[in-house]
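Please read these notes beside the structure. They take up the pocket, the sheets, the ligand shells and the salt bridges in turn.

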Amino acid sequence: NIIWAVEHGHQAAISIHRHCERQPVNERLPPGMNLQSRKMGMHEWSYANDYSPVERRLMPHVSLKERFKKLNIEVELGFTAEQVEQEVQRCLNCDVQTVFVAKLCIECDACLDICPVDCLTITENGPEAELRARLKAPARNLAQPLYVSAALPQTGRVMVKDEDLCVHCGLCAERCPTAAWDMQKSQLHWPHAEDEARALEARKTKIA
Ligand code: SF4
Ligand code: SF4
């Protein structure tokens, strides 16, 4: 698809640049990630965090009768502006991450109580299979790794989160009295040829 085609183009450009600079073509700069808090106030986030459980609506199509009359017409009619507005409310804000700082947690359980999908548990650490079974909501999807925090300062237990269930509503971060949870927007940075060029240039300057 077009996304892969563009990415392959980027990778080819990096290889060509490295080849011209007599550098090994199979070496690459590592990808980077930025995290920025979305907190604006006690109960305010700079993203729409209300989760809407409405069902995905069906895309309206031209009737079969019309389609057989004219075979070269566009079949999908698209949503109205109002329908689009409702559809985007189902967004799970996958780019906004729940970030946890274990040393700030006082184990008050407020985030566990407020989480609407029971994806948080504070418990003793243990082997993964056994840990998965004793979470508040047992984590059965083995393809989804669990988040297990460092030992918490008060009791040495750990905060465990099943990302499979989280709807990124931010209620845990809103409720937490010590800001141990925060909602942070993540931005991935995949190096392009110009980044490789800059890095090579910087290395040359350093050697000189
Ligand atoms: S963001 Fe919402 S669903 Fe996810 S852990 Fe926090 S309270 Fe639970
Ligand atoms: S609300 Fe905050 S302090 Fe309380 S248990 Fe959750 S993360 Fe820890």
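1. The largest pocket has a volume of about 210 Å³. A pocket here is an open set of points on a 1 Å grid over the protein atoms alone, where a 1.4 Å probe fits, with protein on both sides within 12 Å along at least five of seven lines; lining residues have an atom within 4 Å of a point. Grid points are joined across faces, edges and corners, and the volume is the space filled by probe spheres set on the points.

2. This is a predicted model, in which local features need pLDDT of at least 70 and side-chain atom pairs count only at pLDDT 80 or more, while totals for chains, interfaces and linings use all residues. Residues are numbered from 1 along each chain as its sequence is written, chains are lettered from A and ligands numbered from 1 in the order in which they are written, and side-chain values use heavy atoms, with hydrogens and water left out.

3. The lining of the largest pocket includes Met 33, Leu 35, Tyr 147, Lys 161, Glu 163 and Trp 181. Strand β4 gives the most to this lining, with 4 residues, and β1 and β4 each supply at least two. By class, the lining has 7 nonpolar, 3 polar and 2 charged residues. Nonpolar covers Ala, Val, Leu, Ile, Met, Phe, Trp, Tyr, Cys and Pro; charged covers Asp, Glu, Lys and Arg; the others, Gly among them, are polar.

4. Strands β1, β8 and β4 form an open sheet of 3 strands in the order β1-β8-β4, with antiparallel pairing. Strands are DSSP runs of E, at least two residues, and helices are runs of H or I, at least four residues, numbered from the N terminus. Two strands pair if DSSP finds at least two bridges between them.

5. Within that sheet, β1 pairs with β8 (residues 181-189) over 6 antiparallel bridges. Gly 32 is opposite His 189, and Met 33 has Leu 188 as its bridge partner. On the β4 side, 5 bridges join β4 to β8, with Gln 97 opposite Gln 184.

6. Another open sheet of 3 strands runs in the order β5-β7-β6, again antiparallel. Strands β5 (120-123) and β6 (147-148) are at its edges with a single partner strand each, so one side of each has no neighbour in the sheet. Strand β5 is joined to β7 (residues 158-161) by 4 bridges, and Leu 120 is opposite Lys 161.

7. Which residues come nearest to ligand 1? Of the 13 residues around this ligand, they are Cys 115, Cys 166, Cys 169, Gly 170 and Cys 172. A residue is near if one of its heavy atoms lies within 4 Å. The shell divides into 9 nonpolar, 3 polar and 1 charged.

8. Ligand 2 has 15 residues around it, with Cys 105, Cys 108, Asp 109, Cys 111 and Cys 176 coming nearest. Its shell divides into 12 nonpolar, 1 polar and 2 charged.

9. The count of salt bridges is 13, where a salt bridge is a side-chain nitrogen of Lys or Arg within 4 Å of a carboxyl oxygen of Asp or Glu. One of them pairs Glu 87 with Arg 57, the closest N and O atoms being 3.7 Å apart. The pair links distant parts of the chain, 30 residues apart: Glu 87 is in helix α3 (residues 81-88) and Arg 57 in the loop between β3 (44-45) and α2 (64-69).
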